[in-house]
Each structure stands twice: as structure tokens, then as C-alpha cells.
Amino acid sequence: MSKSTLTRRGVLKSGAVAGAGLALPTIFTASSAAAYTNAPSGSTVTLGFNVPQTGPYADEGADELRAYELAVEHLNGGGDGGMMNTFSSKSLQGNGILGRKVEFVTGDTQTKSDAARASAKSMIEKDGAVMITGGSSSGVAIAVQGLCQEAGVIFMAGLTHSNDTTGKDKKANGFRHFFNGYMSGAALAPVLEKMYGKDRTAYHLTADYTWGWTQEESIAASTEALGWNTVNKVRTPLAATDFSSYIAPVLNSGADVLVLNHYGGNMVNSLTNAVQFGLREKVVNGKNFEIVVPLYSRLMARGAGANVKGIFGSTNWHWSLTDEGSKAFVKSFGTKYGFPPSQAAHTVYCQTLLYADACERAGSHNPCAVAEALEGFEFDGLGNGKTLYRAEDHQCFKDVLVVKGKENPTSEFDLLEIVEVTPAEQVTYAPDHPMFAGGQLGSCNPGA
Amino acid sequence: MDAIILQILNGLDKGSAYALIALGLTLIFGTLGVVNFAHGALFMIGAFCAVTLSKILNLSFETVDETKLDFLGNPAKIKTPYVESWFGPEVGATIIDWAVPLAILFSIPIMIAIGFIMERGLIKHFYKRPHADQILVTFGLAIVLQEIIKYFYGANPIPTGAPEVFKGSYDFGVLLGFDPNAIIYPYWRLVYFGFSALIIGGVFAFLQFTTFGMVVRAGMADRETVGLLGINIDKRFTIMFGIAAAVAGLAGVMYAPINSPNYHMGMDFLVLSFVVVVVGGMGSLPGAVLAGFLLGILESFASMNEVKSLIPGIDQIIIYLVAIIILLTRPRGLMGRKGVMED
């Protein structure tokens, strides 16, 4: 007969150890069991789509989700294949990724950095997402990119336009397909010169956060290089709703161009207020007063209604492009949902295909292998012409569109017209450009 | 000088919205003793009454135009509003153009009905509960209302224009002897200011010069005594809740052309309006109006570049700064009754 060694102290100790083990996030335990975080072992692979499902950018988030679902359908061999048919890389076969069926989980960023990090963390730890993608704000993108770097998963950014995302806040695990503030400035400046001349005085109203600051810096630099004078740069609170008290000082500032470094609701309200105050009918310094909205979004332009007519800006992509890739995507998306996709939908669809393709070419989901496959990758057929994923900063370099609010729209989606397709070479900058200085890409983290 | 005049105009305009919302808030607090955090949502619903009427007037039938193609290359569907079909293109277009002023009539019964339902269905159960409970339940209601609006109308702002005749700006510069274009102000914002003054005057006249108003004022001063006289004061207070909801709704309807309505616009105004009520004095109607205009003007001045260069960020905190100073020096607010919030 054996004597039982079960003691109260022993039970407590064992319980504590077992409890600690269970409480330990899977993010750490997974990495000890496999070579990288959330290595898929079964017949499926899970992607995490982190988009604003509530809050002011929920409509943009909804369009991103539609595009993600379409991308997953195409990757798994459903639908008409969309841009997989026009993509220059032919690694994707419509059998998932590396033969595993693609599944997805979604998170709600709420367009708040802390909420976005929490939802990304949950998708990585609880749902086993091997890649996180999406978002509609630079503040959120930078926050989630940092989290993914720490967790050892790839982050394929959604709509983020701040220079900092691939500048001072760049990370080895993060990749951006969307263009940035510098590119907007470089693309817009020649068109603004052609339309409005070299002798102009600009007044900037800028949303007071990372995206606004870098866009203001970029646009001011590129217009000042033309010979324009910047008379004032005024920061406006992100929570501002009525911009009348910020617009009023513009009237007597001597400026003849107002640059609105605003996005979303800010852009809708500031542009509406500026038009209400009759700025567009004003003549200053013997010239017609002009308004510029450097970053346009069709979804947001709809909110501003007729006020966008004739106003110049830039955009990453537009559904009216006639290249084969864009046509294929618009056909797939339009047939499934009944309306054309937004630029947010386009960029996240591309990011999903690019990630899947990189996995195929690398033969693994290991973030370091995927990163290596994406770095320096040149491709075509995804709607923006020949594109390079630059190795030094993980930024895509491709054509940028200069657009103008359409004078006679034929439908609620037909709000912008393409004025110029600025070639990639014109918007390319050196990796050590001062506007992007201050951060290190570092090395990839597989989470092991 | 021209910049100062412009900011005064701006302040009066902002103050109009604050005063209208705060007037309803303080009316509800003064009559029913309820701190209604859903009041901003009523302002938002008012704006969406304008959006809804605009959508109703724009209801269209589709015809296929073989000569035009849609984005997928199929024959385009051309939409023609029913009102243009029924009344002719010109009259129909004019009716659609005047959607916002027409929404004033459309919104009044809707807002009064919503106010009644809110008060009878939910808020009356919280009369005897602490203010914290009332705040929690009304704040929850506000979130529910804005999520309902988001579900049906989406998260993006919806442009809802003023009639064509009110587009453009009035040149005060010429009128006041300044350079042309030195002081220009949008017509619709001037209309908004005039409309607010009319509504505020109407509410005061109703309370001051009607028997119903007299009873309500008596009830606000001493509810118990009025009840003992055999007057059903609860019923009158419920009606006042409906009127307060209608005032907030009308403020929202007329605000729709100023900034495109979105589902969270009520929350944007709610906190500021509460500050206005507290600064004016809880339950004081003239206080709410005075504080609304005062804070609107102060906020506008704080946004001037000259002021911001002296005190960076002052535009974001000015209202709260004033509220703190008032609460420290005069807890009952500018025109609050002695004893209220002072114990």
C-alpha cells in the first residue's frame, strides 16, 4: 500500500503552476512549439482583418471587409478570380495559400489605437491569425504595426497615408501598399502649377495628428518648391466639427489657396464650411481663390456632395481606371456587391493577394520568409501599373492619381475624375529622405 | 477689426446651436428634474428628419437608357424622382431643393412623438432615482439611438443642402464700411441665427404668456403645491418634454445644411451643451441662452490665430476653462437659482 503524497501545499503549488501555464498567452507558447507565431498545421490558414466596424470610418471599414471577402473567395478558387488573372506573378492557383484553405477572422479597430491593438492581439492569440491587415487611419496602422512586430506576424497595412508608417515608425514585419503624403505632394505639385501658376499664397488647415502633420509638411514642401508662399499652417483638433472659426481668418490672410489636410468627417465639414463662406467665389491678389484637398476618398467625397466639384486632390486608385487589373477588380466587386469599389477596398484586396503570393513564393508562412519574398518584389497587373515593394522601407512605389471633383457626375459613385496618372518615378524618393528619417526597419520577428 | 466682427458672427452662430440644445436640456431638468444625456441624440434625429425628407422627396423610378453605360458596361439606369414626374421637372426640383425648410413641418410631430415615447416609456421610471442612474440610462439610450441611425443611414456624413436661394454669402464688409469681401457670412448661417432667435423667443413667450406656461413655471417653482391645487402637473411636464425634444429636433433640422449630418453629431454637441447648461445655471432658461451665446463667442475668439499663438491649444479648452472658473466662483451658474448646486 502506497502512502499518498497529496498535501494542501502541493495542491496549491500544482494549481498555481497549471493556472500560470493556462494563463500564459498562446502568443508565447506557440512560438516555443513552432518556428514562428501561429504556424498553420492543419488544412486551413487564418488571416485577421482588422477594420473599423464601428465609429466614423465604419463605411470605409465595411468596404474593406467586402474586398477581403472577395480576395478570400478568389484565393480559395471561387468567383471569377478577379485580379489573380491579371497579376504578373502566377504563383496563386486558387487553392488557398500553400494548399491550405483561407479562413478569416475580423476585428473592430473603432479607429482607436488601443482598441485596434486589442482586436489585433485577440486575433493573434485566440484565433491564431498568421497575418493582420486593414485599418483606415495612420495612427491605428502605426500602433498595430508595432504590435505585429512584437508578436511576430506580418502586418499588411490598409488605408494609411502618413509618411511615418513607412518612415520613422516603419517595422520589418509591416508592409504598405497605399501611397503616402510625400507622394501626394510630388504628384499634385506639377498639376497645381499648371492650373494655378507659380505665384500663389497657401494657407493650410491641418488635422492635428501624425497623418495631418506629415501631409502638411509634404504639401508645403512640394508647393514651396514651385515658388508658392505658405502664409500660415493652422492645426485643428481632430474632434472639431464646425470649422467656421478656422475658415474665417483665411478670408483676410492674403492667401489665395486653402489646403485642407483633413480626412473623413473633418474633410467633409471643413470643405463644406469653406465653400459656404464663399471662398471659391473670392478673388485674392487678382486670382481666383482655390481649395485643394490633397487626399481624396470617394466615400468621403460623397459626404461633401457638390462641394467637391472642381477641387483637386490625389488618390491611390480609382474604379474608372481602364487597365486590365482595375477592370477585373471592378467587375468582380461590382458584380458581387452592385457598386464600384473604393480605394480602401482596392488596397486591402491587393495586400491580401500580395501576402498570399509571397507565401507561395517563399513556400512558408514564416514572417521572415514572407518579408524576404515581398522585399524588392516587382509586380504588375494590380491596377497601379508596375509596382515595387521597396526593401529598404517596405513601401510600394507605383503610379499616383491626381483627381478632380467631377463637375457633372452621372451617379453617386461618379464623383472624381482622373486628371493625371503620375508615374512612379516622379513620386519616388530616397530611403533616407528627411521626411522619412528617424526610425529603423530593424529585423523581422518570426515570434520564435 | 473685421476679423473680430467675423468671429462675433461665428460665435453667435455657434451659440445659436448651443443655446437651442441647452434650452431643451435645462427645460427638462427644470420641469422633470432629469439629467437627459439623450438630448444630443434628439438634435441628431432632427437633422436626420431633414435627411429622411430629402430622401423621400428624391424617391425615384428607374428607366433604362441604352445610350449610356454604367460602371460594369451594362445599359445605365436613369433615376427620375417621382415628384419631378408628378409636378413637372421645374416644380419637382424646387420641392426637392426646399427639403430642409419643409422638414421643419415634417419633424415637429415626429420629434414630439419621440419625446413622448422617451418620457413615458423610459425616463419616467427614473424620476426618483439618483442623477447618476438617469445619466447612465439616458446615455445608453443615446448610444442606442445613434446606432439605429447608423444602421439605416451608414456612418458617412450625408450632404443635405440648403435651398439654392440661400447659397452664397452676405458681404457685411460693404455694409460696415470695410473693404468688399472683408466680412462675408453665409446666408444659411444667418438664417440659422434668425431661426434660433425665433424659436427661443417662441419658447419664452409660450412659458410667459400662456396659461399652460404659467402652470409649468409654477410647477417648476413648487411642484407639490401645484399638484395639491388639483392640476395634473405630470401631464404638463410630459408635454414640456415633447416640446424640448421638438426644439432640439428643429435645431438639428436647420443645422443639416451647415455640416452634413452623421450619426454621432449629437454626441459632438451633447457635452458642450451640458457645459452651457451648467454655466448658465441648471434649470435656468435665460441662463442657458445667455451661456450658449457667451461660450459660442468665446470659442470663436479662442480659435483666432492671434489668440492661439499666445496660448497654444486654447481653442480646445476654453469652454471647459470657463466652466471650471464659473463652478469655482459661482456654483449655481450665471443665472441659476440660489441654492441649486450650492449645497
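**Reading the sheet and the domains**

Me: Which residue is the bridge partner of Val45(A) in strand 2 of chain A?

Reply: Val102(A) of strand 2 is the bridge partner of Val45(A). This is a predicted model, in which local features need pLDDT of at least 70 and side-chain atom pairs count only at pLDDT 80 or more, while totals for chains, interfaces and linings use all residues. Residues are numbered from 1 along each chain as its sequence is written, and chains are lettered from A and ligands numbered from 1 in written order.

Me: How do strands pair, and in what order do they stand here?

Reply: Strands of a sheet pair through backbone hydrogen bonds, either parallel or antiparallel. Pairing requires at least two bridges found by DSSP; strands are DSSP runs of E of at least two residues, helices runs of H or I of at least four, numbered from the N terminus. In chain A, 5 strands form an open sheet in the order 2-1-3-4-5, with parallel pairing. Strand 2 (101-108) and strand 5 (174-176) of chain A are at the edges with a single partner strand each, so one side of each has no neighbour in the sheet. Strand 1 (residues 44-51) and strand 2 of chain A pair over 8 bridges.

Me: How is chain A divided into domains?

Reply: Domain bounds come from an automatic or database domain assignment. Chain A has domain 1 (44-179 + 319-398) and domain 2 (182-315). Their centres, taken over C-alpha atoms, are 30 Å apart. Contact (C-beta atoms, placed from the backbone, within 7 Å) joins 15 residues of domain 1 to 16 residues of domain 2 in chain A.

How values were computed:
Two residues are in contact if their C-beta atoms, placed from the backbone, lie within 7 Å.
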